[in-house]
Amino acid sequence: MTPEEIVQKIEERYAEQITGVYYFAGQGNVSIKAKKSLEICKFLREEPGLEFDFLADLSGADYPDRPYEEGRFEVVYNLYSIKHNHRI
């Protein structure tokens, strides 16, 4: 599955929760609202064809120039599917 196809599956199910999408180094990146992060991570793990079963990296980012209300802090999950050899 291509990065575009992975992002499309997420958009089809959670379009209202997505705050941004971009591609870098052959990988899709999707920014989501924090409230639904657990639900979306479960979807990414359980959805046939996606099956992201490995948390490759977890980090936090502080954007001090952003007001707190606009999302000064972010949590970054880098997920990997061992079965399908794809990342998001």
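I begin with E47, which is partly exposed, with a relative accessible area of 22%; partly exposed lies between buried, under 20% relative accessible area, and exposed, over 50%, using a 1.4 Å probe and protein chains only.

A word on the source: this is a predicted model, in which local features need pLDDT of at least 70 and side-chain atom pairs count only at pLDDT 80 or more, while totals for chains, interfaces and linings use all residues. Residues are numbered from 1 along each chain as its sequence is written, and side-chain values use heavy atoms, with hydrogens and water left out.

E47 has a partner in K9: their side chains form a salt bridge, with N to O at 3.3 Å. The term denotes a side-chain nitrogen of Lys or Arg within 4 Å of a carboxyl oxygen of Asp or Glu. The pair joins distant parts of the chain, 38 residues apart, with K9 in helix α1 (residues 3-14) and E47 in the loop between α2 (37-46) and β3 (54-62). Helices (H or I, at least four residues) and strands (E, at least two) are DSSP runs, numbered from the N terminus. K9, at 24% relative accessibility, is partly exposed as well.

How many salt bridges does the structure hold? There are six. Another of them connects K36 and E39, whose closest N and O atoms are 3.3 Å apart. Here K36 has a relative accessibility of 30%, and E39 one of 38%; both count as partly exposed. R66 and E74 also meet through their side chains, at 2.9 Å from N to O. R66 is partly exposed at 31%, as is E74 at 29%.

I turn now to the two helices. α1 and α2 pack at an angle of about 130°, and their axes are 12 Å apart. Axes are lines fitted to C-alpha atoms, for helices over the stretch in contact, and angles run from 0 to 180 degrees between N-to-C directions. The two helices are therefore oblique to each other, since angles under 35 degrees count as roughly parallel, over 145 as roughly antiparallel, 65 to 115 as roughly perpendicular and the rest as oblique.

Which residues meet in this packing? From α1 come K9, I10, R13 and Y14, and from α2 come E39, I40, F43 and L44, where contact means heavy atoms within 4.5 Å.
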